[in-house]
Amino acid sequence: MNIVVCVKYVPDAQAGRGFEADHTTDRQGVDGLLSELDEYPVEEALKLAEATEGTVTVLTMGPEDAADAIKRALQMGADQGVHVCDDAIAGSDAVATSLVLAEAIRKVGDIDLVLTGLASTDGSMSVVPAMLAERLGVPQVTFASELSVEEGTVRIRRDSDVASETIEARLPAVVSVTDVINEPRYPSFKGIMAAKKKPVETWTLADLGVDASQVGLDAAWTTVESVEARPPREQGEVVTDEGQGGQALAEFLASRKFV
Amino acid sequence: MSEVLVLVDHVEGAVRKSTAELLTAARRLGEPSAVLVAAPEHADAARESLGRYGAEKVYRVEAPEVREHLVAPLVDVFANLVERTGAAAVLLPSDPDGNEVAGRLAVRTGSGVITDAVDVQPAEDGAGVRTVQSVFAGSYTVTSLVNRGTPVVTLKPNSVPVEEAGGEAAVVEEAVDVSIPEESLAARIVQRSEKQQTGRPGLTEAAIVVSGGRGTGGDFGPVEQLADALGAAVGASRAAVDAGWYPHAYQVGQTGASVSPQLYVAAGISGAIQHRAGMQTSKTIVAVNKDAEAPIFELVDFGVVGDLFTVLPQAAEEIQRRKG
């Protein structure tokens, strides 16, 4: 089966993250990497492809540096990469992102399954899978903690704090997976060497037939008016337990009317 | 005034608090219309509480395929209602299904969408809505204007204080009969097993959350004891979940639930950025940790440097004593 994994190159959460003057995420001044949460769909795709002799295409859109995210997935074992890179894309919102990804997936063609992570570690809206499915006219099932494919049907398990659900959907489908679904492999030395020879195509918006006016900051369907750093929380009282720590805690909670 | 469509979240007709919050917020934007997907025998109970929180109209959706299939049929229902009513906005709960309905509906209707908002207000001259989101682990606040199409917003639980509408206006009820195309029936729940009932409130909607981390060493007894004394939900850090000490469904943080309760108690949790992402917007934060240097103490309103195995039980007993 043919699988596309959508991945994102994100600012490292351990480094300082911030915004540009136009309220877009600062993607220039910080170190980036393959979003940690996107290693799980890559791993899941590799397992499925190994079992079915399928191919895994890793797809990203983003600035030139985003090629690093593809490289990492190829080192893990993906077969080929597609990088949609176009200056007009900068500042795109989720709606425009889903448009570009959908057109890229159509151009890859003949796809059984599209896998994504549960969220990006920067924007973290978790809406792109649903938007992508809407544009492709296919079902989406999300937050999979287990995944299996059988005879044109994908079956997942989704857990919440009240229930565990088994969900089935017809292929092709868009599926997002959580970080409990597997243990992503580290690239082996062999994998790193092999990745250098794997094909990566770089497409522009023109290659996808997407008009530049449909994407980017100016095309966004919502307008960010202001971005404010949240004032750091002021540290309150910290006491050291010398036998009465629990009492002091209860006293504090009572003073704030939580008891 | 235009209608504002609100998706009702309920369990067999018992309307959840998050829906009361959505209706309270919807009253700022227009006339709330509740969209209720329920079996006929549950509709009456739901209608009464919907009216109490300001629903002027209830659109009752009885088609079983909407209940039995995921997301897509609901998008068909909302797209139909948006077109028919010229609604001013659509408000949905910020959970996986709500966010997915929002995403699909926005693309289908050509509308701006904001998910996981913590506030929503009308924009000037009724031109759309203004939302507030908390991003980058709660370290930034983003204000956005949504004025394209019919703004679609999902609102996080505990973001809006619930207010009853007052007044005794009768709720108008209308059955909605939308034909659901075959392609919307491609995903469905084939099996559902309820988790064992803990008797505790749900993690994302609880007013108080008590969470345990690495410092529990795998024993959540003291965490649960304090949670029960406070009537709180129990959460867990990623370290505790990865160690297999508590189920993943209770994980708080970037890759788990994002909570913003009135009170958050972190016990034996160091406060790594991944954890902060899921709890930093809590109103009051309390921590108990052996390590005085733990970064969680930077966030607290009150902290105890000490052993959670003595501090938590002592606090729980004192709370029980005060409650009498």
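The dialogue below goes through selected features of this predicted model.

Colleague: Which numbering and which confidence limits apply here?

Modeller: Residues are numbered from 1 along each chain as its sequence is written, while chains are lettered from A and ligands numbered from 1 in the order in which they are written. This is a predicted model, where local features need pLDDT of at least 70, side-chain atom pairs count only at pLDDT 80 or more, and totals for chains, interfaces and linings use all residues; side-chain values use heavy atoms, with hydrogens and water left out.

Colleague: How many helices and strands does chain A have?

Modeller: Helices (H or I, at least four residues) and strands (E, at least two) are DSSP runs, numbered from the N terminus. Chain A has seven helices and 14 strands. The C-alpha trace of chain A spans about 65 × 45 × 40 Å along its principal axes.

Colleague: What share of the residues in chain A is buried?

Modeller: Buried means under 20% relative accessible area, exposed means over 50%, and partly exposed is in between (1.4 Å probe, protein chains only). Of the 259 residues in chain A, 51% are buried.

Colleague: Where is Asp179(A) found, and is Asp179(A) buried or exposed?

Modeller: Asp179(A) is in the loop between β11 (173-177) and α5 (189-195) of chain A. Asp179(A) counts as buried because its relative accessible area is 8%. A polar contact is a pair of N or O atoms within 3.5 Å; within protein, one must be able to donate a hydrogen and the other to accept it, and residues adjacent in sequence count only if both atoms are side-chain atoms. Such a contact, of 3.3 Å, joins the side chains of Asp179(A) and His248(B).

Colleague: What does a salt bridge require, and how many does the structure hold?

Modeller: Side chains of opposite charge can pair when their charged atoms come close. A salt bridge is a side-chain nitrogen of Lys or Arg within 4 Å of a carboxyl oxygen of Asp or Glu. The structure holds 38 salt bridges over all chains.

Colleague: Where are the partners of the salt bridge between Arg16(B) and Glu205(B)?

Modeller: The side chains of Arg16(B) and Glu205(B) meet at 3.3 Å, N to O. This pair links distant parts of the chain, 189 residues apart: Arg16(B) is in the loop between β3 (14-15) and α1 (17-29) of chain B, and Glu205(B) is in the loop between β12 (187-194) and β13 (208-212) of chain B. Arg16(B) is partly exposed at 28% relative accessibility, and Glu205(B) is partly exposed with a relative accessible area of 24%.

Colleague: Which helices hold Arg108(B) and Asp76(B)?

Modeller: Arg108(B) and Asp76(B) form a salt bridge of 2.6 Å, N to O. The pair links distant parts of the chain: Arg108(B) is in helix α5 (residues 96-109) of chain B and Asp76(B) is in helix α4 (residues 72-85) of chain B, 32 residues apart. Arg108(B) is partly exposed at 34% relative accessibility, whereas Asp76(B) is buried at 9%.

Colleague: Which residues are joined into one network by salt bridges that share partners?

Modeller: In a separate pair, Arg130(B) forms a salt bridge with Glu124(B), with the closest N and O atoms 2.8 Å apart. The network joins Arg158(A), Glu165(A), Asp97(B), Arg192(B) and Glu194(B).

Colleague: Which residues gather in a patch of negative charge on the surface?

Modeller: Patches are made of residues with over 30% relative accessible area and no salt bridge: like charges are joined within 9 Å, nonpolar side chains (Val, Leu, Ile, Met, Phe, Trp, Tyr) within 5 Å. Accessible areas come from the Shrake-Rupley method with a 1.4 Å probe, and for residues only the protein chains shown count as cover. Lys and Arg count as positive and Asp and Glu as negative, with His and the chain ends not counted; the place of a charge is NZ of Lys, CZ of Arg, CG of Asp or CD of Glu. Here the negative patch gathers Glu64(A), Asp65(A), Asp68(A) and Asp87(A). Asp87(A) is in the loop between β5 (80-84) and α3 (94-108) of chain A and is exposed at 77%.
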